[in-house]
Amino acid sequence: MHQLKTQPLPSKARESHEADGELRDAILAKLTYSLGKSVNSATDNDWYQATALAVRDRVVDVWIQSRREAKRLKKRRVYYLSIEFLIGRLLFDTLTNMRLVEPTRRALAGMGVDLERLRNGEPDAALGNGGLGRLAACFMDSMSALGIPAYGYGIRYENGLFEQRIVDGWQHEVPEDWLANGNPWEFIRADTKIPIGFGGSVEFVGDTEATMRAVWMPAEIVLAVPYDTPIAGWRGRHANALRLWSARVADPIHLATFNEGDLVGATAARARAEAISRVLYPNDGTAVGQELRLRQEYFFTSATLQDLTKRHLQEFDSLENLADQAAIQLNDTHPAIAVAELMRILVDEHEIAWPKAWAITRATLSYTNHTLLPEALESWPVDLLGRLLPRHLQIIYTINLIHLQDIEKRGLNSPDFIAAVSLVDDTGGERRVRMAHLAFVGTHCVNGVSALHTGLLRETVFHDLVRATPDSAPTRVINKTNGITFRRWLYEANPPLTALLVDVLGERVLDDPGCLKELEKYASDENFIARYEYARTANKSKLAGLLQVKTRVRVDPHAMFDVQIKRVHEYKRQLLNLLETIALYQDIRERPQDDFVPRVKIFAGKAAASYERAKLIIKLAGDIGQTVNNDAVVAGRLKLVFVPNYSASLAEAIIPAADLSEQISTAGMEASGTGNMKLALNGAITIGTLDGANIEICDHVGRDNVVIFGMTAAEVTARVQAGFTGNEAAAASPRLTRVLESLAAGEFSPDDPDRYASIVGALRGFDRFMVAADFDSYWDAQRTVDRLWRTPHAWWRASILNTARMGWFSSDRTIREYAREIWNVPVA
C-alpha cells in the first residue's frame with residue numbers, strides 16, 4: 001500500500017483553521033469550566049451560553065483597550081441616557097461586528113452544533129418597546145463603530161414591557177422572562193452600589209444667594225447596582241459599555257418584622273425598591289403607577305450622574321471642567337430630571353456657586369425631543385414631585401424664577417406669554433412641572449429627529465421658549481434626522497441581499513453605505529433584477545414558514561407582502577389600513593371574477609396595557625383576519641396576519657421579506673420613524689404620508705419610487721381647527737360608508753355585534769387622527785401600488801432604487817452629526 005502524502009494547507013487556510021480551533025477550544029472551555037457541562041450533556045442553551053461567553057472574552061479585550069486609550073488621551077466621553085435600549089439578540093450582532101460569524105459557525109459545526117439554532121434560541125433583551133429604544137441601540141452600535149468613547153445608561157428591566165399573547169384575538173400581557181436562564185453578555189458590578197434618595201426633608205445651608213446650597217435628608221434609600229454589557233463596534237476596532245441599573249435595598253429583609261411572623265411585611269421595602277427595575281412603562285393611570293414612573297426616571301438618571309461625576313473626579317481634580325470632558329445626551333424627556341439632579345450634585349455636594357453650576361449644567365447636557373403629542377410631553381404634579389424629590393422641586397422653582405426674571409427683563413412680560421414659557425403649568429387646576437420645558441431651558445442644544453419634526457418643534461412645542469431664549473437663533477433647536485445601523489438591518493437581517501451587494505459592489509459596501517448609490521446603474525439590468533428578486537423570494541419563503549408556525553396561517557410567498565409593523569397607536573393608523581382591508585375584501589366578494597393582486601397584510605405590534613382603543617384595534621385585525629382568511633370566495637387572494645409579540649428579532653425576519661412598507665401616520669404626528677428606513681433599505685416600497693422621515697426618504701429615493709397620499713401636516717391642522725368630522729368624509733365616500741356600516745352591523749364580530757361601535761362612533765365624529773379624512777386618498781394610493789405590482793420591471797426598478805439611495809440614513813451619519821455639532825467629539 002502506498003501512503004498518501006498530506007498536502008500542506010495554504011497560509012490563509014491554515015490561519016483560518018487555527019483560528020477555528022482556538023474558538024472551538026474556547027467554547028469547550030466555557031462549556032466545561034463556566035457551565036459545568038460536558039459535550040454529551042449540553043443543551044442548546046448551554047451551547048449558546050458557552051459560545052456567548054467565549055465571544056464576550058474577545059470583545060472584552062477590545063473594550064479594555066478602548067477604555068485605556070480614552071483615559072490616557074483624556075478624550076471627551078459621551079453619556080447617552082435612555083429609558084429604553086431595544087438591543088434585541090446579541091449573539092449574531094456581536095459575531096457580525098467582530099467578523100466571527102463564519103469561524104464560529106465552523107467551530108460549532110465541528111462539534112455537531114448548528115449556529116442558527118443557537119441564534120434563534122437566544123431571547124430578545126426585554127429593554128425597550130419601540131422606535132425610541134431601537135434608535136438608542138443603533139446609536140450605541142454606531143458610537144462603537146466610529147470609535148467614540150461612550151456609555152449608554154438605562155434600566156435593567158427584569159420583566160421588560162410585557163410578552164404579548166393573542167387569545168381569541170385579544171391582547172393579553174404576561175411578564176417577559178428574558179433573564180430566566182441568565183444573561184451571558186453582562187458583568188454585574190456588585191462592588192459599586194450608588195445610593196438613590198427619595199422623600200425626606202431639606203435644610204437650606206447656603207450662606208449667600210449665589211451659593212444656594214442645601215442638605216437633602218432622604219427618608220428612603222434605594223441602591224443602584226450596575227450591570228455592564230460591552231457593545232462591540234464594526235470589525236472589532238472599538239467597544240463601549242451599556243450600563244444598566246438594577247434596584248436593590250441595603251437590607252433585603254427586616255429581620256425583626258420577620259421574626260414577629262409578618263413574613264410579607266418583612267420584605268415590603270425590598271419589593272417596593274425592586275419594583276423600580278421590574279417593568280418598563282408601568283401603567284401611569286393610577287397614582288401608584290405614576291409615582292413608580294417618576295421613581296424609575298429619577299433612579300436611573302441620578303445613578304448615572306453620580307457615576308459619571310465620580311469617574312470624572314477620579315481623572316480630574318474638579319467638576320468645573322465637566323463640560324469639557326463629558327457630553328450628556330438626554331434621549332427624550334424621561335431623563336429630563338437630570339437638569340435638577342446635576343445642579344444638586346454641583347451645588348449641594350460639591351459647593352459650586354449656583355451661576356457656575358448652571359453654566360456647567362447647560363454646557364454638559366443636550367436634549368433630543370421625540371414627540372409633538374401633548375400627552376407624551378411629560379409633566380409631573382407639583383405635589384408628587386415635592387413629596388418624592390423635595391430638593392429637586394426647590395431647584396426647579398429656583399431655575400424657573402431666574403428664567404422668568406430674565407425674560408421679563410427683556411420686555412417679554414405679558415401674563416399669557418409668561419404662563420406659556422414657565423416651567424410650572426398653573427393653567428389646568430393641578431400645578432404640574434413641564435419636563436420638556438425644563439430640558440429646553442437646562443441644556444445647550446435641543447434637537448428634533450426629522451426635518452419636519454424639527455420645524456414643527458420650533459413652530460409649536462418650543463415656539464415661545466425659542467422666542468424667550470437669548471440665543472434664539474435657529475441653532476437653538478436643530479435637526480438630526482434619525483438613522484439605522486446597516487450592520488444589523490441589512491448585513492445580519494438580509495444575508496441573501498447582502499451577498500448580492502458584496503458580489504456586485506465588493507466588500508467595501510460593508511464599510512461605506514455610500515457605495516449603495518452605485519446600484520442605480522443596475523436598476524434596469526435584467527440579470528441583476530432577477531438576482532435581486534430571487535433574494536427577496538427566498539426571504540419571503542422563509543417568513544411564510546415562520547408565519548405558519550406563529551399564526552397557523554398559510555400564505556403564498558409570491559403574493560405581495562404588505563407590512564405594517566410598529567407600536568399600535570391611533571396616530572400610527574393601523575385602523576386606516578384595516579378599513580382599506582375591509583373595503584378590498586368587499587370588492588373581491590362583489591367581483592370575484594376580477595383579477596385582484598394577491599396580497600398578504602402583515603401586522604405586528606404591541607398596544608400599551610392601559611390603551612383600550614389600541615387593544616380593540618388589535619382585536620379588529622384578528623376578527624378581519626378570521627373572516628377574510630377563511631372565505632372561499634376570496635380564495636387566498638387577500639390574507640391578514642397579526643404576528644404576536646413583536647420584537648427586534650421578529651422585525652429582522654419580516655423586514656427583508658416586505659414588498660410594501662406602510663408608513664401611514666397622521667401627518668405631523670410621527671417625529672421620524674426608523675422602521676420606514678429599515679424597510680426601504682431592504683427594498684420595500686413605501687406607501688406613506690408626508691410625515692416624519694418619510695419626507696426625507698421621498699427626497700432621497702425619488703418621488704417616483706414611493707407612493708404618497710393624504711393631507712400634509714398643515715392641512716391636518718387646518719381640518720382640526722375647523723372641527724372636521726368623519727361624517728363629512730363618509731358623506732362624500734360611498735366606499736367608506738359601506739365599510740363603516742359593515743363594522744357597525746357586526747359583520748366581523750357576529751358574536752358581539754356592538755364590539756366596534758365605539759370605533760365607528762369615533763371615526764364618524766371628531767377624529768384628530770384624520771382616518772376617515774384620508775381614507776379615499778389611501779384607497780387610491782393602494783390601487784396605484786396594485787398597478788405598479790402588475791408591471792414587474794417597474795416594481796423591481798423602484799425597489800432597487802430604494803436600496804441604492806438609502807445610504808444617507810445610516811446611523812453612522814447621524815452620530816457623526818451629533819459628534820460634530822452637539823457633542824464636540826472627534827470620530828474615527
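This is a predicted model: local features need pLDDT of at least 70, side-chain atom pairs count only at pLDDT 80 or more; totals for chains, interfaces and linings use all residues.
**The whole chain**

Along the principal axes, the C-alpha atoms fill a box of roughly 95 × 85 × 65 Å. For 828 residues a compact globule would have a radius of gyration near 28 Å, and the chain, at 28 Å, agrees with that expectation. If you colour by accessibility, 60% of the 828 residues count as buried. Of the contacts that link residues at least 6 apart in sequence, 77% join residues at least 24 apart.

**The six-stranded sheet**

Select next β18 to β23, which form an open sheet of six strands with parallel pairing, in the order β20-β19-β18-β21-β22-β23. The edges are held by β20 (638-643) and β23 (707-708), and since each has a single partner strand, one side of each is left without a neighbour in the sheet. Inside the sheet, pick strand β21 (residues 660-663) and strand β22 (residues 685-688), which pair in the parallel sense over four bridges; here Glu 662 of the pair stands opposite Ile 687 in β22.

Helix α22 (residues 574-590) lies across β18 (560-565), β19 (599-604), β20 and β21, and runs at about 155° to β19. Helix α31 (residues 771-789) lies across β18, β19, β21, β22 and β23, with a direction at about 125° to β19.

Ala 635 is not a glycine, yet its phi is positive, at about 55°, and with a relative accessibility of 58% the residue counts as exposed.

Move to the open sheet of three strands, whose order is β13-β15-β14 and whose pairing is antiparallel. Its edge strands are β13 (379-381) and β14 (424-425), each with a single partner strand, so one side of each has no neighbour in the sheet. Three bridges connect β13 with strand β15 (residues 432-434) in the antiparallel sense, and Trp 380 stands opposite Val 433 in β15. Displaying helix α9 (residues 287-315) shows what packs on this sheet: the helix touches β13 and β15, and its direction makes about 120° with that of β13. In the loop between α8 (268-274) and α9 you will find Tyr 281, a residue other than glycine whose phi is positive, near 50°.

The next selection is strand β3 (residues 163-167) with strand β4 (residues 170-174), an antiparallel pair joined by five bridges. Ile 166 has Gln 171 in β4 as its bridge partner. Two residues lie between the strands of this hairpin, and there Asp 168 takes a positive phi near 55°.

**Helix α21 and its two partners**

Select helix α20 (residues 495-505) together with helix α21 (residues 526-551): their axes are 8 Å apart and meet at an angle of about 155°. Angles over 145 degrees count as roughly antiparallel, and α20 and α21 are therefore described in that way. To see the contact, show side chains including Leu 497, Leu 500 and Val 504 in α20, and Phe 528, Tyr 532 and Ala 535 in α21. The residues of this contact divide into seven nonpolar, one polar and two charged.

Finish at Asp 406, which has its place in helix α14 (residues 390-409) and is partly exposed, with a relative accessible area of 34%. Drawing a C-alpha to C-alpha line from Asp 406 to Ala 731 gives a distance of 53 Å, for two residues that are 325 apart in sequence.

Key. Residues are numbered from 1 along each chain as its sequence is written. Side-chain values use heavy atoms; hydrogens and water are left out. Two strands pair if DSSP finds at least two bridges between them. Contact means heavy atoms within 4.5 Å. Axes are lines fitted to C-alpha atoms, for helices over the stretch in contact, and angles run from 0 to 180 degrees between N-to-C directions. Angles under 35 degrees count as roughly parallel, over 145 as roughly antiparallel, 65 to 115 as roughly perpendicular and the rest as oblique. Ala, Val, Leu, Ile, Met, Phe, Trp, Tyr, Cys and Pro count as nonpolar, Asp, Glu, Lys and Arg as charged, and the others, Gly among them, as polar. Buried means under 20% relative accessible area, exposed over 50%, partly exposed in between (1.4 Å probe, protein chains only). The radius of gyration is taken over C-alpha atoms; the globule rule is 2.2 Å times the number of residues to the power 0.38.
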